[in-house]
Amino acid sequence: MKLKQAKDPRKQASSQEHTKPRQKGTPVKTLSIPEPISGGLLLSYKCTSECKHCMYAGSPKWDADWISREDAEKILTQLSGKIKPSPYGPNKVGVNYGLHFTGGEPFLNFGLLLECTKIACGLQIPSTFVETNCHWCTSDEVTRNKLAQLKGNGLNGILISVNPFILEHVPFERTERALRISMEMFGNNTLVYQDFFYHQFSKLGIKNTLPFERYLDKAGLEGLYYAELLPTGRLLYKLGHLFKKYPARHFFAESCRQELERDWHVHVDNYGNYMTGYCGGISLGDAHDLSLLCQGIDLRNYPVLEALMTKMEGLFELGTKSGYRELPEGYISKCHLCTDIRKHLIQQPREFKELAPKKFYSQITSKSQ
């Protein structure tokens, strides 16, 4: 049994997206970047886990390269006044609202996380929360102490990640502890992504960690229909066998204009790369000067972006000119086709400024799992 091509589960109503009329196949010379209304700041790509589904290929093997306090303050200052609050108020949180601190795993550098929280609070950025895999919740005392410090520095809430891939690395009792104490600290500003798996793991009586294959033995493949798996990042190479595949031409007429011009749930990484649409490894430019970036990009200097703004066939042609060969088994999504071509292009002598950070492309095909 194969899963159908996944859709973006966090996509908001059209009123929250920046969209423009477009004609498929019409060359686009400028990428207009709207000011972001919600997003996340990646403190690092380094993580305690190497999850099979990770969009940004987080891993223990990344160099930490933590964002500096100075860079964080500069980027957060530019985001202040642009980030919109949750519709329930500036002190409330939601997955696609406000600003979240993420990674990688942000609790690996708790001091930096505290500093960033304090800066965001001082800048009055609304609806702030942190996203975590809960590896650090080793005791009630540790968990309560760290959450209390974050709340004291102005953090509004927390998002607890729960799924079968994190379960391979993080004991479920730490996730249970995180939820229980987060509810004490943040109340309804405690988000669980995804709630389905939290209840499923509890019902199955899971303790400690559990390999993905054993999870499938216990729960079956059907549970993954609720996983809201985005067909991008490391998933393409670790879980692609679970999805139906199509030849490259199946995606030729599609473009990525909507994703690249999106103003909600954007990400800025620790190197200053500005990323939209969950598109790991694609940088629209340097977020240290967001006002300049939002003036637009001349796509003549960014051939990968130019192709993606028009149609996928152009990216395929760009790849084949430098020796790219179509995967005989096919692709699960346009993101799969795009990522595989980019993985080829990053190894060529020609430099593509929009393909960053470069280490992303080796981490999505890591052999450690």
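Predicted model: local features only at pLDDT ≥ 70, side-chain atom pairs only at ≥ 80, totals over all residues.
Student: OK, at what angle do H1 and H2 cross here?

Tutor: At roughly 30°, with axes that come within 10 Å. H1 covers residues 69-79 and H2 covers residues 110-122.

Student: So is H1 roughly parallel or roughly antiparallel to H2?

Tutor: Roughly parallel, because angles under 35 degrees count that way.

Student: And is the crossing of H1 and H2 right-handed or left-handed?

Tutor: Right-handed.

Student: Which residues meet there, between H1 and H2?

Tutor: From H1 there are Arg-69, Ala-72, Glu-73 and Leu-76. H2 brings Leu-112, Glu-115, Cys-116, Ile-119 and Ala-120. By class, that contact has six nonpolar and three charged residues, and no polar ones.

Student: Next pair. What is the angle between H11 and H12?

Tutor: About 25°, and the axes of H11 (residues 312-321) and H12 (residues 334-345) are 10 Å apart. H11 and H12 are therefore roughly parallel to each other.

Student: Which hand does the crossing of H11 and H12 have?

Tutor: H11 passes H12 in a left-handed crossing.

Student: What meets what between H11 and H12?

Tutor: On the H11 side, Met-312, Leu-315, Phe-316, Leu-318 and Gly-319. On the H12 side, Lys-334, Leu-337, Cys-338, Ile-341, His-344 and Leu-345. The contact of H11 with H12 divides into eight nonpolar residues, two polar and one charged.

Student: How many residues of H12 are buried?

Tutor: Eleven of its twelve, so H12 is mostly covered, with buried meaning under 20% relative accessible area. Charged residues such as Lys-334, Asp-340, Arg-342 and Lys-343 are among the buried ones.

Student: What covers the buried residues of H12?

Tutor: The cover includes H7 (235-238), H8 (257-260), H10 (303-310), H11 and H13 (360-363).

Student: What span should H12 have for its twelve residues?

Tutor: 16 Å, at 1.5 Å a residue. The end C-alpha atoms of H12 are 16 Å apart, which agrees.

Student: Let's switch to single residues. Where is Thr-232?

Tutor: In the loop between H6 (212-219) and H7.

Student: Is Thr-232 buried or exposed?

Tutor: Thr-232 counts as buried, because its relative accessibility is 7%. Leaving aside neighbours within four places in sequence, Thr-232 is in contact with Met-55, Tyr-278, Cys-335 and Thr-339. Thr-339 is also among the buried residues of H12.

Student: And Asn-91, buried or exposed?

Tutor: Exposed, with a relative accessible area of 54%. Asn-91 is found in the loop between H1 and S3 (99-102).

Student: What about Ile-297? Which strand is it in?

Tutor: Ile-297 is in S9, residues 297-298. Ile-297 is buried, with a relative accessible area of 5%. Setting aside neighbours within four places in sequence, the residues in contact with Ile-297 are Lys-29, Thr-30, Leu-31, Ile-33, Leu-284 and Tyr-302.

Student: Now the backbone. What are most peptide bonds, cis or trans?

Tutor: Most are trans, and most residues other than glycine have a negative phi.

Student: Is the bond from Ala-356 to Pro-357 cis or trans?

Tutor: Cis, with omega near -5°. Pro-357 is found in the loop between H12 and H13. A cis peptide bond also joins Gly-103 and Gly-104, where omega is about 25°. Gly-104 is in the loop between S3 and H2.

Student: What is the phi of Ala-57?

Tutor: About 60°, which is positive although Ala-57 is not a glycine. Ala-57 lies in the loop between S2 (39-42) and H1, and counts as buried at 0% relative accessibility.

Student: And the phi of His-265?

Tutor: His-265 is not a glycine either, and has a positive phi of about 55°. His-265 is in the loop between H8 and S7 (266-268). At 3% relative accessibility, His-265 counts as buried.

Notes:
Residues numbered from 1 in each chain as written. Heavy atoms only, no water. Axes fitted to C-alpha atoms, helices over the stretch in contact; angles between N-to-C directions. Helix = DSSP H or I, 4+ residues; strand = E, 2+ residues; numbered from the N terminus. Parallel < 35°, antiparallel > 145°, perpendicular 65-115°, else oblique. Left-handed = near helix turned anticlockwise from the far one by under 90°. Contact = heavy atoms within 4.5 Å. Expected span 1.5 Å × (residues − 1). Buried < 20%, exposed > 50% of the residue type's maximum accessible area, 1.4 Å probe, protein only.
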